[in-house]
Amino acid sequence: MRKLKPGIILFIILFVLWIILAGTDRDELIIAGVSSLVISLLFASKAKALGNIHLSPKAICCAFMYLFVFLRELVKSTIDVAGRVLSPRLPINPGIVKVHTRLKSPLGRLILANSITLTPGTMTVETQGEYFYIHWIDIQTDDIETTTKAIVSIFEEYLEVIFG
Amino acid sequence: MQLIGAVISLLGAIIIFIGALGAFRMPDVYNRMQTGTKATTLGSMLAFLGVGIAVPGWIGKIVLLVLFIIITNPISSHALARAAHYSGIKLTEKSVRDNLEEDYPDEVDND
């Protein structure tokens with residue numbers, strides 16, 4: 001089961017992609033099934049990173065919560081940065097800060113770094129192991145712990161359940 | 001339906017406009033990237049969503065497009081910022097500090 005898991009997840013992703021792009025005719029379903037099966041069999045051994053995803057009900061629940069939190073942060077920080085751009089004094093306080101992450105799996109770290117980059121105001125410049133270097137448009141503190149709390153922890157608590 | 005879609009698309013366009021304005025007003029390359037590349041995330045998401053609401057048959061492909069933007073956009077802006085930092089582009093004088101420079105001073109070639 002442990003070995004099959006990356007292949008199964010890859011198959012589901014490819015199958016759903018094909019269905020969305022091509023529609024749900026009978027022929028399309030057959031082609032989608034066969035081609036995603038072949039690709040996932042060929043590349044299952046290379047897609048080990050997908051095996052780290054937990055598929056328990058709690059993890060799936062957290063995935064939806066994560067999506068919700070992410071969209072909320074996206075809207076909130078976009079409004080915040082738009083306010084800074086439009087105000088005449090240009091109140092920015094930029095710099096590159098170092099934060100620490102608890103996530104172990106590479107896919108989890110990738111998604112965390114991408115979420116940080118996607119929310120305006122913060123941008124991942126470099127990753128070194130468990131430390132991220134983040135360009136922040138409005139630095140408030142000097143301390144790694146507080147910075148980590150402000151930027152990373154919102155996303156991290158959900159991703160930790162999904163990726164472990 | 002048409003009207004709601006149009007309003008949402010307009011909202012997206014306004015956000016992209018603010019992003020472009022930010023690219024003019026910000027002092028250095030990193031701050032420009034903050035507004036210039038990432039206002040497009042929410043901006044184009046809203047613009048696509050508006051089209052999807054106006055033409056409900058396309059919503060599946062629209063969701064797919066938004067997903068691709070969400071996956072590719074941060075990677076490209078991360079690569080740009082990293083390349084800018086390692087090729088020695090300085091942060092603006094307003095900047096408070098630079099932990100990356102402190103930890104890896106040798107990898108940055110200042111000329």
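Which elements of chain A are included in what covers the buried residues of H6(A)?

The model is a predicted one, in which local features need pLDDT of at least 70 and side-chain atom pairs count only at pLDDT 80 or more, while totals for chains, interfaces and linings use all residues. Residues are numbered from 1 along each chain as its sequence is written, chains are lettered from A and ligands numbered from 1 in the order in which they are written, and side-chain values use heavy atoms, with hydrogens and water left out.

To the opening question, then. The cover over the buried residues of H6(A) includes helix H3 (57–86), strand E1 (95–100), helix H4 (106–118) and helix H5 (144–151) of chain A. Helices (H or I, at least four residues) and strands (E, at least two) are DSSP runs, numbered from the N terminus. Helix H6 itself spans residues 153–163, and its buried residues are Phe155(A), Glu156(A), Tyr158(A), Leu159(A), Ile162(A) and Phe163(A). Buried here means under 20% relative accessible area, exposed means over 50%, and partly exposed lies in between, with a 1.4 Å probe and protein chains only.

Glu156(A) leads us to Thr101(A), which touches Arg109(A), Leu112(A), Glu130(A), Phe132(A) and Glu156(A), not counting residues up to four places away in sequence. Contact requires heavy atoms within 4.5 Å. Thr101(A) sits in the loop between E1 and H4 of chain A and is buried, at a relative accessible area of 1%. Its side chain reaches the backbone nitrogen of Leu103(A) at 3.1 Å.

Let us move to chain B. This chain has 4 helices and 0 strands, and 41% of its 111 residues are buried. Among its contacts between residues at least 6 apart in sequence, 57% join residues at least 24 apart.

Val7(B), in helix H1 of chain B, is partly exposed at 49% relative accessibility. Thr35(B), in helix H2 of chain B, is buried at 3%. Leaving aside neighbours within four places in sequence, Thr35(B) contacts Val81(A) and Val85(A) as well as Gly19(B), Gly22(B), Ala23(B) and Met26(B).

That brings us to the interface. Here 40 residues of chain B are in contact with 41 residues of chain A. The two chains bury about 3600 Å² between them, 67% of it on carbon and sulfur atoms; buried area is the accessible area (1.4 Å probe) that two parts lose on being put together, summed over both.

Across this interface there are 7 residue pairs in polar contact, both residues at pLDDT 80 or more. A polar contact is a pair of N or O atoms within 3.5 Å; within protein, one must be able to donate a hydrogen and the other to accept it, and residues adjacent in sequence count only if both atoms are side-chain atoms. On the side of chain B that touches chain A, two or more residues come from each of helix H1 (2–25), helix H2 (29–54), helix H3 (59–86) and helix H4 (99–103) of chain B. H3(B) gives the largest share, 13 residues.

How many salt bridges does the rule find across the interface of chain B and chain A? It finds 1, where a salt bridge is a side-chain nitrogen of Lys or Arg within 4 Å of a carboxyl oxygen of Asp or Glu. The partners are Arg82(B) and Glu126(A), with their closest N and O atoms 2.7 Å apart. Arg82(B) lies in helix H3 of chain B and Glu126(A) in strand E2 (residues 122–128) of chain A, so the pair joins two chains. Arg82(B) is partly exposed at 33%, whereas Glu126(A) is buried at 3%.

Over all chains the count comes to 4 salt bridges. Lys76(A) pairs with Glu73(A) at 3.3 Å; being 3 residues apart in helix H3 of chain A, these two are separated by about one helical turn. Asp80(A) pairs with Arg84(A) at 3.4 Å.

Finally, the cysteines. The structure holds 0 disulfides over all chains, a disulfide being a pair of cysteine sulfur atoms within 2.5 Å. Cys61(A) is partly exposed at 48%, while Cys62(A) is buried at 12%.
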